[in-house]
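Hi,

Here is the structure I promised to pass on. Please open it alongside this email, and then read on for what turned up.

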Amino acid sequence: MYRPITAKVFRLLTSPEPVLFNSRQISSWLLSAGKMSSGKDSTSEDSSPSAVKRGAGIRSRPSPDHIDRRECKCAPETSNNSLGFNRGSFGKRRSRIDLRSEQRTGDSNSSKCQKNIRARVERSKSGQSYCKHAASANHVKAFDICLPSSSDSAGLKSLLEMEEFQENVEDPIEETRQGVLQPGMVLLKHYISLNDQIEIVKSCRELGLGPGGFYTPGYKYGAKLRLQMMCLGLNWDPETRKYEDRRPIDGCKPPSIPHEFNQLVETAIQDAHALIRKDIPLSNVEDMLPAMSPDICIVNFYTTSGRLGLHQDRDESRDSLDKGLPVVSFSVGDSAEFLYGNQRDVNKADNIVLESGDVLIFGGKSRHVFHGVTSIIPNSAPKALIEETGLCPGRLNLTFRRY
Ligand SMILES: O=C(O)CCC(=O)C(=O)O
Ligand SMILES: [Fe+2]
């Protein structure tokens, strides 16, 4: 399979981390054009799908560094629909969403944050970081999943126009077919329209830059997960494995789940029911896959070296787990190699590729399935999505649950 090098060069120039590129022509062109320092590592060990061994990199909630301590106790003002979606249009496939109609309004968090600025300035000297509002007063910036729109656009444009450079992508991974993977586990391929994927990225970006936004989760002894995380609705803490109103790292309250996300989740479950009914005669499809209206969403952003160890999602309420209320997972951006199985054993797990727009649902008998992400496949995101949003190399994943 051939892919234009243009998208890869775009990512190479803008990646926050080393990106794999094979073309000597391109690298020497870039070097001579002064776009890249000669010291840049171009062979990041885990950015190639062919370099990934089955199960390699699977760890149960990864290894230590340190956790940034954040001090801002602000609560977000973000409310449902504050992101400007036209109510009702999101989630209807082929719908157009007009983002111009509304904008986020005033931000009382800023003033709350301002009160502590002096103290924070002092603390920031000792390497601590704070929420976005504090960042406006010379503090550490929140994690941005998208590229700044103005950066080096002329250079990027000319690179994107170099259509003649193409690269052979080895070992194309077979596409997983949509359908019932096992009882209670349904994969909907290419389910989320491009427009909705774009809106999801834009919403997550905006929420992710605000209070309660993306951070690198970790444990008190220092281990950090190999992803950026943001919780919506309730905060899930990897240390305590509990859901709470505020996150311990900085006291911020998680933003609400945008209403349009919930609509898309509920429609996806209905479409999964239709798919099950086609394959399996059941008097009540909800016996296999219960319906669910989410009150929690965990948003993960994986860079191309991101991973997530094999684990079960079992921190929701006893009632939710007992009923088998499903987890609904949206994939947006680069594809991921995803493992799932009924044991915590990577060698016994099945492997599928989750692509941008795919929805994976696991409930009922599959509610406790072990699952994890072994690798992110570089340069596999839809080009139009990247062009429209500037999404950084990597993958956005949203898992919706009911507490
Ligand atoms: O990224 C994924 O596909 C899975 C994420 C996940 O399992 C989780 O957040 O619990
Ligand atoms: Fe999970």
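Let's begin with one residue. Histidine 311 sits in strand β9, which covers residues 308–311. Keep in mind that this is a predicted model.

Is histidine 311 buried or exposed? Its relative accessibility is 6%. Buried means under 20%, so histidine 311 counts as buried. Its side chain also reaches the backbone oxygen of glycine 309, at 2.7 Å.

Now move along the chain. Aspartate 313 lies in a loop, between β9 and α9 (318–323). Aspartate 313 is buried too, because its relative accessibility is 4% and the cut-off is under 20%.

What does aspartate 313 touch, leaving aside neighbours within four places in sequence? It is in contact with Leu321, Val327, Phe362, Arg367, His371 and Arg401. Look at histidine 371 in that list. The side chains of aspartate 313 and histidine 371 make a polar contact at 3.3 Å.

An unreviewed UniProt entry places the feature "binding site" at His311, Asp313 and His371. They are spread over 61 residues of sequence, yet they cluster in space. The largest C-alpha distance among them is 8.6 Å. His311, Asp313 and His371 are also included in the lining of the largest cavity.

Then step into the loop for aspartate 313. From there, follow the polar contact between side chains to histidine 371.

Best wishes

Methods:
Residues numbered from 1 in each chain as written. Chains lettered and ligands numbered in written order. Predicted model: local features only at pLDDT ≥ 70, side-chain atom pairs only at ≥ 80, totals over all residues. Heavy atoms only, no water. UniProt positions renumbered as here; feature names shortened; annotations may be inferred. 1 Å grid on protein atoms, 1.4 Å probe; cavity = no way out; pocket = protein on both sides within 12 Å on 5 of 7 lines; lining within 4 Å. Helix = DSSP H or I, 4+ residues; strand = E, 2+ residues; numbered from the N terminus. Buried < 20%, exposed > 50% of the residue type's maximum accessible area, 1.4 Å probe, protein only. Polar contact = N/O pair within 3.5 Å; in protein donor to acceptor, adjacent residues only side chain to side chain. Contact = heavy atoms within 4.5 Å.
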